[in-house]
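User: I would like to learn how to read pockets and ring contacts in a protein model. Can we start with the pockets?

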Amino acid sequence: MAELKIFGYADKISVKPGDALSFYVHADGASEADAQLVRLIHGDAHPDGPGYQEEELQSPLNGSWPVRKQFTQVGSFCTVADPDHRLALDGSFTLCTFVYANRVGDGLRQCLLGRWDAFGNRGYGLWLNPLGLLEFGYGDGREVDYIDAEVPLLKQHWYFVAASFDAKTGAATLYQESAANRYNSLLSKVAGVDYRSHVRETLRFRPVNPPEVPFLLAGAEDFHEVRGRFVTQCMNGKLDRPAVFDRVLSRAELDELRQTGLPPSEGIVAFWDTSHGYTAEGIGDHVHDIGPHGLHATGYNRPVRAQTGFNWNGRSHMFQVAPHEFGGIEFHDDAIIDCNWELTKTWAVPADLRSGAYAFRLRLGDGKGLREEYIVFFVRPAVPRAPIAFLVPTASYLAYANEHLSFDAEIMQPLAGQSPILSEIDIELYQTKSFGLSLYDHHSDGVGCCYSSYRRPILNMRPKVRMSSMGVTWQFPADLSILAWLEHAGYDFEILTDEDLHLEGVDALKPYRVVLSGSHPEYVSEKMLDATEDYIAGGGRYIYMGGNGYYWNIGLRDDEPWCVEVRKLNSGMRAWQARPGEYHMASNGQKSGIWKDLGRPPQKLMGVGFISEGFDSSRPFRRMPDSWHRRASWIFEGIEGEIIGDFGLAHAAAGGLEIDRYDLTLGTPPHALIVASSGGHSDNYVTVTEEVLYPYPGLSGSHDYRIRADMVFFTAPNGGAVFSASSIAFGQSLPFKNFDNNVAKLLGNVLTAFQSPKAVPGWAWTLDEKQFR
């Protein structure tokens with residue numbers, strides 16, 4: 001009997017009453033699942049808090065859902081539209097491309113380009129074979145004939161490769177030459193490596209090219225009697241300017257093409273100019289064929305664009321300046337953007353469903369472990385009415401979606417100071433390719449993952465989940481501690497998401513007197529950052545509830561907001577490093593990296609910015625002298641003593657995990673007050689790399705005075721104000737002793753004052769109260 005497992009996702013993450021929401025569910029070993037609509041209240045089962053809390057709600061969709069096994073197309077590739085079957089070549093032909101392989105050999109067969117039916121052995125293709133050798137071959141439906149190069153390709157090296165077939169003689173030739181220059185490949189010419197191979201053989205029979213076999217870039221077609229047709233033999237690496245000709249190109253013509261990237265005019269069937277189509281706002285998934293037939297290609301699972309090509313010379317680092325040098329399209333055999341499962345259920349969000357965090361809870365059997373799934377979504381109000389908005393950091397949820405840090409990140413255990421605690425869900429996540437990767441992971445070829453999407457099951461965007469490497473809740477389940485406190489304290493609040501903020505800008509925030517962030521709003525687009533700054537400067541009050549926020553610049557396409565992009569550059573605390581020249585995002589054309597390096601450090605917005613992280617312990621805050629100033633003393637009304645938050649669900653204190661500090665040199669407003677600070681952090685806390693010009697002993701918690709969380713308050717123009725908690729662990733201290741603690745009291749003082757239509761207490765001058773109404 002098959003093991004029972006259930007997973008699912010929705011097509012939207014943010015909805016309003018009346019919106020249609022579609023659900024896609026996969027199940028192993030079952031044909032029915034029990035579904036229940038739930039409102040999610042508290043997501044942490046830690047014994048020092050109130051425990052896990054959800055509210056079951058009435059819904060027509062409650063009850064039995066039909067479920068079945070679903071299949072996911074993993075791997076990125078390009079499909080070619082060829083309605084007239086011009087690529088089903090009957091006579092002589094030549095295939096060629098520039099190629100930069102990330103993974104060579106390892107028993108993998110990787111198709112560079114061709115019309116290859118791997119199930120029926122029909123068509124033709126140009127491959128890297130399992131030994132890493134360039135290979136050209138074809139089949140007639142019964143058998144396969146092929147020709148191999150003499151030396152394998154080296155990874156991270158640009159080559160120009162070609163294969164030709166002479167229909168008159170049956171002769172096949174392979175052409176393999178280095179296309180490296182001083183900048184574009186791993187090895188320089190001093191290495192003295194022999195990259196070239198030229199082989200000629202007469203093959204035994206002619207290929208058969210049935211018209212129904214598709215032409216693919218970076219993949220080949222396969223078939224399974226249950227699954228149907230799918231793509232296999234996906235490539236790991238970059239292609240630049242692939243082409244097909246209906247004749248045999250001479251050695252001199254191939255040499256010219258290798259040197260210039262320009263094709264001979266005679267005999268072009270298709271020439272995909274991978275550098276065509278760049279705009280100031282980026283580039284999409286459409287790959288333009290400049291040949292006579294317009295056989296354009298379309299990327300699947302978001303092949304990575306804005307990558308350097310075979311002719312990148314190291315001078316331009318912006319594709320907008322020299323697009324002809326950025327023809328590289330990068331493919332990965334484990335890329336996943338959209339599972340594209342068949343629809344399971346569609347639901348119209350009820351008109352009376354109040355704003356909040358929700359899920360359809362799906363269960364098989366006893367509903368434990370892999371037999372329970374929560375498909376999470378967030379409901380906005382149809383018309384904003386509450387004074388408070390909680391801004392759900394969904395972009396950051398996607399950044400960490402299905403992270404593999406406990407398994408693959410060498411730094412994780414030293415950083416956490418503990419061994420990971422793995423559940424069956426963690427193991428299932430790691431073993432299943434179709435769940436995809438996070439922005440902290442590397443593809444199978446060692447390249448950092450720059451895209452993440454919510455159109456797939458996200459196993460750590462569920463309630464109850466603990467991050468295995470740290471032993472604490474993280475992102476969504478941690479943010480439920482903030483929502484649970486708002487609920488417990490009786491505040492009138494509504495939900496917004498990062499997606500809403502990116503698409504609608506400051507108009508999404510304007511209806512609210514006060515906005516609270518999540519515990520770790522690390523990934524933000526320029527539109528999100530602009531909107532937040534304009535909201536505060538226009539009189540909005542903002543409570544930054546976390547640490548290491550407003551850090552990475554991300555890209556989203558407005559028409560596909562479910563997918564975020566980031567490039568990890570040569571600064572910041574990063575899990576991987578983008579290659580030189582590949583710093584600008586294909587989604588919007590912007591340079592990625594941390595906002596500090598783009599002229600907008602978070603200190604300019606929230607008064608604080610990232611200084612350290614450590615996951616072995618947390619520390620309490622202590623009141624600072626500014627806390628007794630008349631402008632800030634009201635924050636501590638009803639609180640005895642100087643110690644704040646010597647308790648919590650994240651390592652037993654409010655200051656920890658990732659922490660921020662005040663810094664006038666980076667733009668902290670000069671009138672900002674430090675009302676409390678943590679201190680005495682362990683040596684697992686190390687000063688962030690962007691603050692260090694030279695490494696030296698003493699850059700750790702017990703030595704560097706800068707490693708602290710600074711709780712900061714300042715007023716802003718037009719009656720605005722900002723309070724920054726500066727610690728991810730802060731929100732996870734709220735539920736301690738059923739929300740009866742001094743962290744909850746302090747935050748209550750701030751939120752009550754911030755939501756008032758009156759001026760924030762302690763202003764140094766009088767303002768007309770009408771402007772706050």
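User: What volume does the largest pocket have?

Analyst: Start with the general idea. Rolling a probe the size of a water molecule over the atoms shows where empty space is left. This is a predicted model. Here the largest pocket has a volume of about 820 Å³.

User: Which residues are closest to the centre of the largest pocket?

Analyst: The lining counts 39 residues. Closest to the centre are Leu405, Ala409, Ile411, Tyr440 and Ala575. Next, look at the elements. At least two lining residues come from each of helix 3 (405-408), helix 4 (412-416), helix 5 (424-431), strand 38 (608-619) and strand 43 (686-687). Sorted by class, the lining has 20 nonpolar, ten polar and nine charged residues.

User: What is the volume of the second largest pocket, and which residues lie nearest its centre?

Analyst: Its volume is about 660 Å³. The second largest pocket has 36 lining residues, and nearest its centre lie Ser423, Ile425, Asp426, Val465 and Arg466. Strand 27 (372-379), helix 3, helix 5 and helix 6 (476-489) give two or more residues each to this lining. Helix 5 gives the most, with four residues. By class, the lining of the second largest pocket has 18 nonpolar, ten polar and eight charged residues.

User: Now the rings. How many aromatic pairs does the structure hold?

Analyst: A pair of aromatic rings is described by the distance of the centres and the angle of the planes. This structure holds 47 aromatic pairs. Take phenylalanine 136 and tyrosine 138: their centres are 6.0 Å apart, with 70° between the planes. Planes over 60 degrees apart count as edge-to-face, so this pair is edge-to-face. Both phenylalanine 136 and tyrosine 138 are buried.

User: Which parts does the pair of phenylalanine 621 and phenylalanine 730 tie together?

Analyst: First, the geometry. The pair is edge-to-face, at 6.4 Å centre to centre and 85° between the planes. Phenylalanine 621 lies in strand 39 (residues 621-623), while phenylalanine 730 lies in the loop between strand 45 (721-724) and helix 10 (736-739), so the pair ties together parts that are 109 residues apart in sequence. Phenylalanine 621 is buried, at 1% relative accessibility. Phenylalanine 730 is buried too, with a relative accessible area of 0%.

User: Which rings are linked into a cluster?

Analyst: Ring pairs join Phe93, Tyr124, Phe136, Tyr138, Phe165, Phe205, Phe215 and Trp272 into a cluster.

User: Where does the charged end of arginine 227 sit?

Analyst: Over the ring of phenylalanine 230, 4.1 Å from the ring centre. Lysine 464 lies over the face of tyrosine 52, at 4.8 Å from the ring centre.

How values were computed
Residues numbered from 1 in each chain as written. Predicted model: local features only at pLDDT ≥ 70, side-chain atom pairs only at ≥ 80, totals over all residues. Heavy atoms only, no water. Phe/Tyr/Trp six-rings, centres within 6.5 Å; stacked < 30°, edge-to-face > 60°. Buried < 20%, exposed > 50% of the residue type's maximum accessible area, 1.4 Å probe, protein only. Lys NZ or Arg CZ within 6 Å of the ring centre and 35° of its normal. 1 Å grid on protein atoms, 1.4 Å probe; cavity = no way out; pocket = protein on both sides within 12 Å on 5 of 7 lines; lining within 4 Å. Points joined across faces, edges and corners; volume = space filled by probe spheres on them. Nonpolar A, V, L, I, M, F, W, Y, C, P; charged D, E, K, R; others polar.
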